[in-house]
Amino acid sequence: MSSVELNKTVPDFEVPATGDQTIRMADLRGQNVVIYFYPKDNTPGCTTEGQDFRDRMKEFAELDTEIFGVSRDGLRAHENFRAKYEFPFHLISDKDETLCKLFDVIKLKKLYGKEHMGIERSTFLIDSKGTLRKEWRGVKVKGHADEVLEAVKAL
């Protein structure tokens, strides 16, 4: 499977999510979709990012936009993370990196002088027809949810 490209249709995928859900791209047609990738549940930046999207959920919903957070954490960790911070959106478990590879977000990272492969914080906006309209890579959390909301308004 090749990577997604701007202004092209996002290929169909099927992945497990919280709430005992299976998320399929084909089922999301007819609404806008924001998929944000983050490194790890319950870490400071990832928690803040989730809270920022949570706090703007009403505005996203008014724009017929679904939000999904994605990391390689398992469903149990996701359920706990989601409940702890009252995220109104589902979290996708991508243990096998299906979505990570599709959206090309696994990058070489450095932490405390050691290199490892990890998720580069990234967000993707898909329109109601399933077309990738905007992508943000190497995201800085502060102000990001507002920037994504403005992009949705501009669709």
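Author: Start with strand β3 (residues 32-37), which pairs with β4 in the parallel sense over six bridges. Strands here are DSSP runs of E with at least two residues, and helices are runs of H or I with at least four, both numbered from the N terminus. Two strands count as paired if DSSP finds at least two bridges between them. The model is predicted, so local features need pLDDT of at least 70 and side-chain atom pairs count only at pLDDT 80 or more, while totals for chains, interfaces and linings use all residues. Residues are numbered from 1 along each chain as its sequence is written, and side-chain values use heavy atoms, with hydrogens and water left out.

How enclosed is strand β4 (residues 65-71)? Six of its seven residues are buried, so the rest of the structure largely encloses β4. Buried means under 20% relative accessible area, exposed means over 50%, and partly exposed lies in between (1.4 Å probe, protein chains only).

Now the rings. Ring pairs join Tyr36, Tyr38, Phe53, Phe60, Phe81, Tyr85, Phe87 and Phe89 into a cluster. Rings of Phe, Tyr and Trp (its six-membered ring) pair if their centres lie within 6.5 Å; planes under 30 degrees apart are stacked, over 60 edge-to-face, and the rest tilted. By that rule there are 12 aromatic pairs. One of them is Phe81 with Phe87, an edge-to-face pair at 5.1 Å centre to centre, with 90° between the planes. Both Phe81 and Phe87 are buried. Another pair, Phe103 with Phe124, is tilted: 4.6 Å centre to centre and 50° between the planes. Phe103 sits in the loop between α4 (98-102) and β6, and Phe124 in strand β8 (residues 122-126), so this pair ties together parts 21 residues apart in sequence. Phe103 and Phe124 are buried too.

Next, the helices. Thr47 lies in helix α1. Thr47 is buried, at 8% relative accessible area. Neighbours within four places in sequence aside, Thr47 is in contact with Asn42, Phe81, Tyr85 and Phe87. Contact means heavy atoms within 4.5 Å.

Helix α1 (residues 44-55) also packs with helix α5 (residues 144-153), at an angle of about 40° and with axes 9 Å apart. Axes are lines fitted to C-alpha atoms, for helices over the stretch in contact, and angles run from 0 to 180 degrees between N-to-C directions. α1 and α5 are therefore oblique to each other. Angles under 35 degrees count as roughly parallel, over 145 as roughly antiparallel, 65 to 115 as roughly perpendicular, and the rest as oblique. Glu49, Asp52 and Phe53 of α1 meet His144, Ala145 and Val148 of α5 in this contact.

Two last places. Strands β6 (residues 106-111) and β7 (residues 114-119) run antiparallel, joined by six bridges. Lys109 stands opposite His116 of β7. Two residues separate the strands of this hairpin, and Tyr112 takes a positive phi near 55°.

Ser128 belongs to the loop between β8 and β9 (132-137). Ser128 counts as partly exposed because its relative accessibility is 31%. Leaving out neighbours within four places in sequence, Ser128 is in contact with Arg29, Gly30, Gln31 and Asn32.
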